[in-house]
Amino acid sequence: MFNIGYGTVKDFEGFDASSDAQTLYNAMKGIGSDKETILDLITSRSNAQRQEIVAAYKSLFGKDLIGDLKYELTGKFERLIVCLMRPPAYHDAKEIKDAIKGLGTNEKCLIEILVSRNNQQIHALRDAYKDAYGRDIEADIVSDTSGHFKKMLVVLLQGTRDESGVVHADLVEEDAKELYAAGEEQWGTDEATFIMILGNRSVTHLQMVFDEYEKIAEKSLEDSIKSELSGDFERLMLAVVQCIRSVPMFFAKRLYKAMKGLGTADNTLIRIMISRSEIDMLDIRECFCLLYEKSLYNMIKDDTSGEYKRTLLRLCGGDDDLAGEFFPEAAQIAYKMWEISAMSKVQLKGTVRPFVGFDASSDAKALRKAMKGFGTDEDTIISIITQRSNEQRQEVKNSTDLMVDLKSELSNNLRRLVLGLMMTPAEFDAKMMRKAMEGAGTDEHSLIEVLVTRSNQEIQAMCAAYQEGKRETDSSTSSPPVLQSVQCTREEGPVDLERALVDAQELADACNDDSNAMETRFMSILCTRSFTHLRRVFQEFVKCTNKDIEQIIKKEFSADVKNAMFAIVRSVKNQPSYLADRLYKAMKGLGTDDRALIRIMVSRSEVDLFNIRKEFKDTHDVSVHDFIQVLS
């Protein structure tokens with residue numbers, strides 16, 4: 001959890017504090033300031049060297065360097081440079097102070113700092129806070145927080161986590177059982193047990209406890225925390241678990257959330273880029289690439305501007321968009337992610353269930369009445385149709401010819417949405433396929449999404465419904481993975497370990513082939529093996545190559561083939577997460593892809609929309625409900 005990894009900022013060779021102090025003085029004297037010189041010098045010196053420069057500056061010129069930087073610089077660039085000049089413990093202390101001052105508390109800042117620092121860093125933070133503000137940090141945090149959230153923060157503030165690295169095998173099983181008994185096994189949750197175990201045990205010990213817990217509960221500890229806890233306490237405990245698993249992965253996710261969507265959480269971005277630049281920024285960059293479709297470097301580049309951007313990019317250190325071998329931490333994380341994916345047994349849940357007391361004739365009459373006369377009672381139509389399962393809607397539809405009236409009475413997206421809900425799943429999928437291929441051009445993303453996320457049985461039913469429209473599904477697309485999905489050749493059995501090892505080596509060997517041969521060999525495995533089997537294949541692939549399958553696909557393939565293979569891998573890893581990402585892309589930015597939004601909401605409402613909602617909230621810090629609400 002707290003091992004020093006790979007930073008991007010190191011001690012500058014040939015360092016001379018007095019010379020650097022003179023250079024900074026010259027850059028700020030006269031009218032204006034030489035911002036390039038300031039950012040180049042400060043980002044190429046370690047924090048320890050910066051402290052020597054501060055002392056030399058005062059000795060040479062009798063002035064406070066930080067005060068001069070505040071005077072000469074402005075905005076986010078000034079904030080970033082000034083923060084770089086503080087010792088790490090004092091920077092953390094300032095962030096904590098800002099998080100709890102005034103009305104309201106920045107709980108996310110408290111969580112981020114306290115869960116990710118080791119015992120030595122926590123003790124240094126406490127001392128720095130006392131020195132800077134003359135107050136006790138624990139007393140200030142206690143007065144500003146409450147409940148179990150407060151209790152866990154106090155535990156973390158003690159800086160007493162076992163860092164010996166010693167693991168007692170008998171205690172591992174005991175702790176796993178205690179966590180299970182404290183949550184999943186009983187009505188209600190024993191929060192004290194979670195606090196005691198997660199707040200004190202060593203990182204190595206807890207990593208083994210998490211593995212043991214998954215065997216007992218058949219789900220990850222993170223999933224149990226999400227179902228058993230709530231609010232800030234839930235977010236805190238999830239952050240603890242994430243940092244126990246991997247601090248770089250935790251920060252990669254925090255950085256992504258700081259920059260995605262409209263606006264940037266600059267305080268979070270600055271805090272992380274500074275605090276990790278000398279510790280594990282290279283690992284964070286690798287983890288960022290592992291999780292998302294672009295490098296940390298390019299996301300910063302697209303999301304910021306000016307000297308502020310150039311300084312952040314210097315701290316980032318480089319662009320990782322081209323796949324290469326992982327640093328050790330990231331390779332281990334990739335392997336672990338696939339292992340967790342293979343072990344987790346997630347219960348898929350829809351949001352629409354059969355209506356109790358259902359009466360098809362009564363519903364048909366109510367719908368008829370809602371459409372009779374001048375105007376249409378859209379609220380009644382929406383209320384009835386969205387609270388009935390698809391099977392119940394078919395009964396309502398078959399009892400009377402509603403479709404013609406619904407088409408004439410409703411308009412635009414509401415009509416498309418309601419008519420989609422009134423179709424059988426196979427009819428709806430067939431219609432979506434037809435819409436994706438009609439007219440000029442083909443919506444390959446829609447084709448890929450549908451075919452990758454449907455079972456053989458669902459694809460067969462869709463093809464039968466499509467044939468009634470007298471069209472061929474492959475007439476407008478040339479992407480081989482899409483065509484192979486239509487053939488319904490994917491196996492649906494459990495993992496075959498021996499065969500998984502062979503398949504992983506086959507994929508590894510294919511990486512040395514020419515592009516056509518590599519594509520053929522990848523397709524032969526990705527398009528035919530069961531998802532359960534592929535999870536193990538992709539896990540072993542990391543061991544064979546020290547690379548992740550997603551990175552290889554991103555580097556070696558292009559266009560629709562890359563998109564199709566990427567979608568398969570994302571669905572194998574976590575299908576609700578893949579669909580949550582598709583939902584987000586349908587709604588973000590200018591304009592909404594209403595067809596994609598309707599397609600996912602209708603087709604997943606009785607399958608896994610509840611899980612998609614959870615993944616959406618976890619990734620984007622906003623609910624699907626609130627995101628849709630903003631669109632209306």
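User: Leaving aside its neighbours within four places in sequence, with which residues is Q207 in contact?

Analyst: In this predicted model, where local features need pLDDT of at least 70, side-chain atom pairs count only at pLDDT 80 or more, and totals for chains, interfaces and linings use all residues, Q207 is in contact (heavy atoms within 4.5 Å) with I244 and R245. Residues are numbered from 1 along each chain as its sequence is written, and side-chain values use heavy atoms, with hydrogens and water left out. The C-alpha atoms of Q207 and V241, which are 34 residues apart along the chain, are separated by 8.8 Å.

User: Why is Q207 called partly exposed?

Analyst: Buried means under 20% relative accessible area and exposed means over 50%, with partly exposed in between (1.4 Å probe, protein chains only). Q207, which is found in helix α13, has 29% relative accessibility and therefore counts as partly exposed. Helices here are DSSP runs (H or I, at least four residues), as strands are runs of E with at least two, numbered from the N terminus.

User: What makes the chain as compact as a globular protein of its length?

Analyst: The chain has 38 helices and zero strands. Its radius of gyration, 28 Å, is close to the 26 Å that the globule rule gives for 632 residues, so the chain is as compact as a globular protein of that length. The radius is taken over C-alpha atoms, and the rule is 2.2 Å times the number of residues to the power 0.38. Along its principal axes the C-alpha trace spans about 90 × 65 × 60 Å, and buried residues make up 50% of the 632 residues. Of the contacts with a separation of 6 or more, 75% are between residues 24 or more positions apart.

User: Which residues touch the most other members of the largest nonpolar core?

Analyst: A nonpolar core is a set of buried Ala, Val, Leu, Ile, Met, Phe, Trp, Tyr and Cys residues joined through side-chain atoms within 4.5 Å. The largest one holds 149 residues, and those touching the most other members are L69, L198, M273, L296, F522, L526 and F538. Helix α35 (residues 559–587) gives the most to this core, with 14 residues. Apart from it lies another core of 22 residues, including M371 and L402.

User: How do you know that helix α18 is largely enclosed by the rest of the structure?

Analyst: Ten of the eleven residues of α18 (residues 281–291) are buried, so the helix is largely enclosed by the rest of the structure. Among these buried residues are D283, R285 and E286, as well as F288 and L290.

User: What makes helix α5 mostly covered?

Analyst: Eight of the eleven residues of α5 (residues 75–85) are buried, including F77, E78, L80 and M85. The buried residues of α5 pack against several helices, among them α2 (35–43), α4 (65–72) and α17 (266–276). Leaving out residues up to four places away in sequence, L69 touches E78, I81, V82 and M85, among others.

User: Where does E218 lie, and why is it called partly exposed?

Analyst: E218 is in the loop between α13 (203–217) and α14 (221–228), and at 41% relative accessibility it counts as partly exposed. E218 has a positive phi of about 60° although it is not a glycine. Most residues other than glycine have a negative phi. N546, in the loop between α33 (531–545) and α34 (549–556), also has a positive phi of about 60° without being a glycine, and at 27% relative accessibility N546 counts as partly exposed.
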